[in-house]
Amino acid sequence: MRPRYWLLTTLSTILIATAAIAALNMAVDIYGLYRPGRGRRLPVFGDDRVAKYLLSMRYVPENFNALLAGGSVSANWDITAIQGLRVYNGSLDGGNIIEEKALIEAALERPGVSVILLLVNPALTYSHEFQTVELKPALKRSALGSLSLWNAYRNMLSIRIGRTPQPFDYAGTETFLNARSEMNVNMKAMWSEPEFTVDPVALRAYLDLVANLRARGVQIVFIIPATSEHLLETKRAPLERYLDRMRSEIGTGDLWIDFLSPEGEAFRKTRANFSDGVHLTPDGARQVVAQLNAAVNRWIAERRLVVAKR
């Protein structure tokens with residue numbers, strides 16, 4: 001075979017194989033990007049950051065009208081128990097506001113999400129680095145063929161054959177497969193400092209996100225998560241200073257639910273509700289979601305929270 005024909009044949013084979021692989025990945029569509037996602041129930045496979053970001057582009061707005069944005073402290077909150085809203089749990093382990101902002105902005109590119117449940121917690125403003133990969137629209141191409149997609153397929157197969165437990169449900173809620181008996185290294189560092197570090201870039205991103213949501217008419221519910229009283233014995237004053245600063249920066253006019261209020265003292269004193277002082281046990285998470293559900297139902301009845309009709 002002449003070199004020219006060999007080259008053309010090789011290039012044609014590569015192009016056809018590439019197109020076939022892309023078409024197959026579009027047909028499988030594990031991120032809900034390429035065919036209607038309404039009514040589908042897509043769990044997270046592979047890198048949870050990549051998966052939740054790509055799922056936010058179409059699957060989330062087509063199936064949910066609210067999104068919970070937080071770090072690992074809210075990752076295991078089963079927010080499907082909130083009756084008045086269909087909430088997707090966009091919380092990321094070790095996540096910060098830069099990553100959560102990317103998820104929210106992706107979800108708002110299509111109509112559907114009208115309420116954001118946004119945590120007010122030092123973990124979100126501690127840093128501004130993407131943890132595994134930069135979450136940006138170009139990642140959509142990875143769903144046609146990439147190493148991250150291959151790893152997602154491997155994870156999916158391992159779960160399907162029963163070799164690996166399923167860590168996420170269709171609404172993004174994580175089941176912590178390993179009990180968190182103590183904080184991870186980053187969380188320990190954050191809680192060991194005299195004052196809670198506020199990264200200026202992260203704070204600016206948080207405030208820009210809030211301003212953008214308000215400008216777009218998206219309702220915000222700010223949530224101050226619970227912390228065990230045992231941990232608060234040494235960090236109450238610094239945490240209160242952090243929260244006072246955030247309240248001042250955020251301003252008024254939104255809905256708040258504060259699990260550090262005096263009404264939550266009994267919950268915070270019950271050590272069985274916490275695995276490490278900041279992360280909740282499954283029972284503790286159920287109690288928190290029950291309180292969120294009661295507050296959301298009350299606000300909807302009072303028309304303080306208006307849910308968009310599909």
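Me: Which residues line the largest cavity?

Reply: Rolling a probe the size of a water molecule over the atoms shows where empty space is left. In this predicted model, the largest cavity is lined by Val-120, Asn-121, Pro-122, Trp-191, Ile-224, Pro-225, Thr-227, Leu-239, Leu-243 and Leu-260. The space inside the largest cavity comes to about 40 Å³.

Me: How many residues of that lining are nonpolar, polar or charged?

Reply: The lining of the largest cavity has eight nonpolar residues, two polar ones and no charged ones.

Me: How many cavities of 30 Å³ or more does the structure hold?

Reply: There are two cavities of 30 Å³ or more.

Me: Where is Leu-139 found, and is Leu-139 buried or exposed?

Reply: Leu-139 belongs to the loop between β3 (115-119) and α5 (147-160). Because its relative accessible area is 12%, Leu-139 counts as buried. Leaving aside residues up to four places away in sequence, Leu-139 touches Tyr-53, Leu-54, Val-133 and Glu-134. Leu-139 and Leu-54 are 85 residues apart in sequence, while their C-alpha atoms are 7.5 Å apart in space.

Me: How many aromatic pairs are there?

Reply: Rings are taken as a pair when their centres lie within 6.5 Å. By this rule there are eight aromatic pairs. One of them joins Phe-267 and Phe-274 edge-to-face, at 5.6 Å centre to centre and with 70 degrees between the planes. Phe-267 and Phe-274 are both buried. Elsewhere, ring pairs link Tyr-59, Phe-64, Tyr-88 and Tyr-170 into a cluster.

Me: Which residue lies over the face of Phe-64, and which ring has the charged end of Lys-235 over it?

Reply: Arg-86 lies over the face of Phe-64, 5.3 Å from the ring centre. The charged end of Lys-235 sits over the ring of Phe-196, at 4.6 Å from its centre.

Me: What is to be read from the phi of Arg-303?

Reply: Most residues other than glycine have a negative phi. Arg-303 is not a glycine, yet its phi is positive, at about 60 degrees. Arg-303 lies in the segment after α10 (282-301).

Me: Is Arg-303 buried or exposed?

Reply: Arg-303 has 62% relative accessibility and therefore counts as exposed.

Methods
Residues are numbered from 1 along each chain as its sequence is written. This is a predicted model: local features need pLDDT of at least 70, side-chain atom pairs count only at pLDDT 80 or more; totals for chains, interfaces and linings use all residues. Side-chain values use heavy atoms; hydrogens and water are left out. Rings of Phe, Tyr and Trp (its six-membered ring) pair if their centres lie within 6.5 Å; planes under 30 degrees apart count as stacked, over 60 as edge-to-face and the rest as tilted. Buried means under 20% relative accessible area, exposed over 50%, partly exposed in between (1.4 Å probe, protein chains only). A charge sits over a ring if NZ of Lys or CZ of Arg is within 6 Å of the ring centre and within 35 degrees of the ring normal. On a 1 Å grid over the protein atoms alone, a cavity is a set of points where a 1.4 Å probe fits but cannot get out, and a pocket is an open set with protein on both sides within 12 Å along at least five of seven lines; lining residues have an atom within 4 Å of a point. Grid points are joined across faces, edges and corners, and a volume is the space filled by probe spheres set on the points. Ala, Val, Leu, Ile, Met, Phe, Trp, Tyr, Cys and Pro count as nonpolar, Asp, Glu, Lys and Arg as charged, and the others, Gly among them, as polar. Helices (H or I, at least four residues) and strands (E, at least two) are DSSP runs, numbered from the N terminus. Contact means heavy atoms within 4.5 Å.
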